[in-house]
Amino acid sequence: MLAVAVGLVGGAALMAVYGYDFVKAYRALFLGAFGDFSGFLETLAFATPLIMTGLTFAIGMRSGLFNIGAEGQMYMGAIGAVFVGGMLNLPPIIHLIFATVFGMLAGAIWSLPAALLKISRGVHEVVSTIMLNWIAFWLVTYLITYHVADPARAERAVPAQETARYLVIGASLTTVFILVIAFSLIAYFLLWRTTLGYELRVVGHNQEAARYAGINISKTMMTSFFLGGLAAGLAGVSQVLGRPPHWTVFATMGNLINIGFEGIGVALVGRNHPIGIIFASIFYGGLLHGGRFMEFEAGVASEIVRAINGIIILALAIPAALDLVKKIFPRKNRGETG
Amino acid sequence: MKPYRLRVLWLLIGFVAVAATIYAMSFFGLKPTRLIEFALLALTPLAFAAVGECINEKSGQINIGIEGIFLISAVAGVFWAEVFESGLLGLLMGGVFGALIGGILGLLNVYGRAEQVIAGMGLNILAIGLFQYLLMAIWAFPGIHIFPRTLVVPRISIPLIGEELAVSPISLAAIAAAFAAYLLLNKTLLGIRLRAAGEKPESVDVAGHSVYRVRIFASMVGGFLAGVGGAFMPLGWFGGLVKEITAGRGFIALAAVVFSGLNPLTALAATFIFGFAEGLAFAVVVTPAVKEAVPFHFIMMLPYIVTVAVLALFPSTRRFPKALGKPYVRE
């Protein structure tokens with residue numbers, strides 16, 4: 001919570017420097033995001049993919065990997081969903097399931113090169129995942145331009161067919177949100193209630209100890225990347241099969257870019273815990289949705305929301321800051337968890 | 001053969017491959033000099049950042065926020081270049097802002113005992129947002145800013161095997177920086193202190209020097225060089241700002257650092273290979289004969305594929321500083 005406050009204050013300072021009215025901006029932001037019911041549904045729609053990309057990063061962190069490849073894996077998930085959801089003709093429910101699973105697998109498969117390179121060649125995942133993100137970017141823009149372009153509108157891919165769309169709940173929110181929540185709960189169960197999850201966390205906590213305990217580290221790393229890839233794939237799927245009004249990807253990928261990176265902030269605020277991530281995503285989804293009102297009413301570029309996210313992450317990286325606050329306000333902070 | 005010697009051998013093979021590619025490309029009507037010009041431009045930001053990060057990591061810190069420094073210093077550089085009406089001063093101010101960010105990171109590392117990898121990623125994400133926000137706030141136009149051509153640092157002409165090569169003096173400065181960093185780390189007292197801060201911080205303390213100050217200094221130097229590299233992209237190369245201007249180069253520089261085992265000269269050689277891959281991509285994209293055969297999307301992947309491939313083929317065998325990434329707490 002402290003870090004979030006630091007982020008918001010930092011954002012206010014940035015706005016003040018350039019002479020924007022930050023009180024008005026924040027008012028517009030929070031009223032737009034949480035002020036009425038349809039606004040809140042829209043916020044949830046923005047939160048949906050973040051929950052998944054946040055989970056990708058969290059699963060990595062829990063097993064000692066700094067997996068920042070959610071971005072590229074999400075692109076692959078989205079293009080996978082476009083292929084099956086937009087290009088094939090299948091009966092209603094089967095179509096939806098097939099497109100979802102295909103997209104998720106596409107995301108998971110895209111995470112494997114990073115896993116294999118890490119295990120067999122010791123290539124650090126920070127570099128390999130970023131490189132894979134860019135390779136995915138060019139691969140997907142190529143596919144959209146040459147193979148799955150919408151004949152009616154060349155600047156985007158074919159939209160998902162009616163049979164492959166999630167039902168609209170209200171505003172831009174669809175039932176894919178429920179699937180995403182379910183996936184988070186399953187991830188929680190996997191990580192904390194199964195042997196596999198236990199092994200994963202032991203490797204993340206202390207690799208030496210895990211080796212002595214006879215845990216197969218390569219296997220857990222593969223599992224971690226694969227699970228993360230599934231989640232990131234679902235994030236991409238949710239933007240195609242579960243996001244009106246376009247139900248597709250633009251050739252510039254404007255509706256996908258950065259969702260993967262935003263997940264990192266969400267995961268850290270949610271303390272790398274699936275349930276925490278859900279709430280952090282809703283908060284951040286609110287910033288994203290409300291940022292548009294801020295831009296409209298106070299003239300502040302909505303991208304500042306991303307800067308705020310970055311400041312929050314920076315603040316979260318500094319454990320000493322929390323110690324310092326505890327030292328200065330010993331009583332006030334006793335009940336809070338930071 | 002020692003692993004390190006082997007690495008140098010492989011680098012030589014890499015250069016032979018580069019030469020062969022240049023030769024092969026000449027059949028597509030691509031002049032070798034053009035290719036080298038492109039490669040040198042692409043090398044510049046990578047080399048600055050990689051050399052800076054070598055110094056930073058030697059002192060026991062890790063900064064994965066180079067991409068973020070690139071973005072912020074690119075904006076800062078262009079802003080000040082317009083204020084001073086001088087591209088060179090803009091580059092310098094880019095460096096100053098880089099040093100400022102490096103200094104802040106150093107403070108966070110030292111006094112905040114930060115999780116350095118997370119802080120670096122925070123910086124990257126902050127920069128993505130800040131870049132676009134600043135573009136709006138300063139120039140009131142979203143996502144792109146073009147400035148007068150006169151602000152671009154002019155290139156100088158160097159004769160090479162009977163041809164004229166247009167090279168930015170800043171590229172030469174980047175190469176010089178690598179040699180300077182090598183001398184700093186290996187031949188000066190400060191260099192010994194820097195390396196000690198990374199290997200055995202206690203020893204620096206015992207010798208009566210502040211580990212904190214050494215590390216903050218290293219982080220500032222690293223930031224300064226990355227900042228100059230970041231400002232070079234608009235002011236010495238592209239002639240404009242777009243939000244995708246860095247395109248993962250901060251991480252390619254990081255890959256060069258990992259490859260080099262923290263030797264600035266090896267890092268320079270690695271950035272030449274990566275820069276060449278990028279230069280090749282740029283050169284090929286504008287060559288009609290190739291453009292028709294292969295969609296440019298695949299050519300654009302080239303630098304990233306080369307980077308991963310190089311790291312995969314030559315896993316890091318050199319030892320990194322013992323205290324890398326670990327905060328030092330005085331007892």
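**Entry 1: terms and model.** Before looking anything up I note that helices, of at least four residues, and strands, of at least two, are DSSP runs numbered from the N terminus. I also note that the model I am reading is predicted.

**Entry 2: chain A as a whole.** I looked up the secondary structure of chain A and found 14 helices and two strands. The radius of gyration of this chain is 20 Å, close to the 20 Å that the globule rule gives for 338 residues, so I describe chain A as being as compact as a globular protein of that length. Along the principal axes, I read a span of about 65 × 60 × 30 Å for the C-alpha trace of chain A. Of the 338 residues in chain A, 55% are buried, and 77% of the contacts with a separation of 6 or more are between residues 24 or more positions apart.

**Entry 3: a helix pair in chain A.** I then asked at what angle helix H4 and helix H11 of chain A pack. In chain A, H4 (residues 70-87) and H11 (residues 259-269) pack at about 130°, and their axes are 7 Å apart. Angles over 145 degrees would count as roughly antiparallel and those from 65 to 115 as roughly perpendicular, and the angle of this pair therefore makes H4(A) oblique to H11(A). I noted the crossing of H4(A) and H11(A) as right-handed. On the H4(A) side, the residues that meet the other helix are Ala70(A), Glu71(A) and Met74(A), and their partners in H11(A) are Ile259(A), Gly260(A), Phe261(A) and Gly263(A). Sorted by class, I find four nonpolar, two polar and one charged residues in this contact of H4(A) with H11(A).

Entry 4: I placed Pro245(A) in the loop that runs between helix H10 (217-241) and H11 of chain A.

**Entry 5: chain B as a whole.** For chain B I recorded 13 helices and four strands. Its radius of gyration is 20 Å, close to the 20 Å of the globule rule for 331 residues, so chain B too is as compact as a globular protein of that length. Taken along the principal axes, the C-alpha atoms of chain B fill a box of roughly 65 × 55 × 35 Å. Buried residues come to 55% of the 331 in chain B, and of the contacts between residues at least 6 apart in sequence, 79% join residues at least 24 apart.

**Entry 6: positive phi in chain B.** Ala247(B) sits in the loop between strand E4 (240-242) and H10 of chain B, and with 18 other C-beta atoms within 10 Å it is partly exposed. Leu262(B), also not a glycine, has a positive phi of about 70°, and I found it in the loop between H10 and helix H11 (264-285) of chain B. Is Leu262(B) buried or exposed? With 24 C-beta neighbours inside 10 Å, I count Leu262(B) as buried, because 20 or more is the cut-off.

**Entry 7: where the chains touch.** Last, I looked at the contact between the chains, which takes 42 residues from chain B and 42 residues from chain A. On the chain B side, helix H4 (87-111), helix H5 (116-139), helix H10 (249-260) and helix H13 (296-313) each supply at least two residues. The largest share of that side, 16 residues, comes from H5(B). By class, I divided the residues of chain B that touch chain A into 32 nonpolar, eight polar and two charged.

Technical notes
Residues are numbered from 1 along each chain as its sequence is written. Chains are lettered from A and ligands numbered from 1 in the order in which they are written. This is a predicted model: local features need pLDDT of at least 70, side-chain atom pairs count only at pLDDT 80 or more; totals for chains, interfaces and linings use all residues. The radius of gyration is taken over C-alpha atoms; the globule rule is 2.2 Å times the number of residues to the power 0.38. A residue is buried if 20 or more other C-beta atoms lie within 10 Å of its own, exposed if 12 or fewer, and partly exposed in between; C-beta atoms are placed from the backbone. Two residues are in contact if their C-beta atoms, placed from the backbone, lie within 7 Å. Axes are lines fitted to C-alpha atoms, for helices over the stretch in contact, and angles run from 0 to 180 degrees between N-to-C directions. Angles under 35 degrees count as roughly parallel, over 145 as roughly antiparallel, 65 to 115 as roughly perpendicular and the rest as oblique. A crossing is left-handed if the near helix is turned anticlockwise from the far one by less than a right angle, and right-handed if clockwise. Ala, Val, Leu, Ile, Met, Phe, Trp, Tyr, Cys and Pro count as nonpolar, Asp, Glu, Lys and Arg as charged, and the others, Gly among them, as polar.
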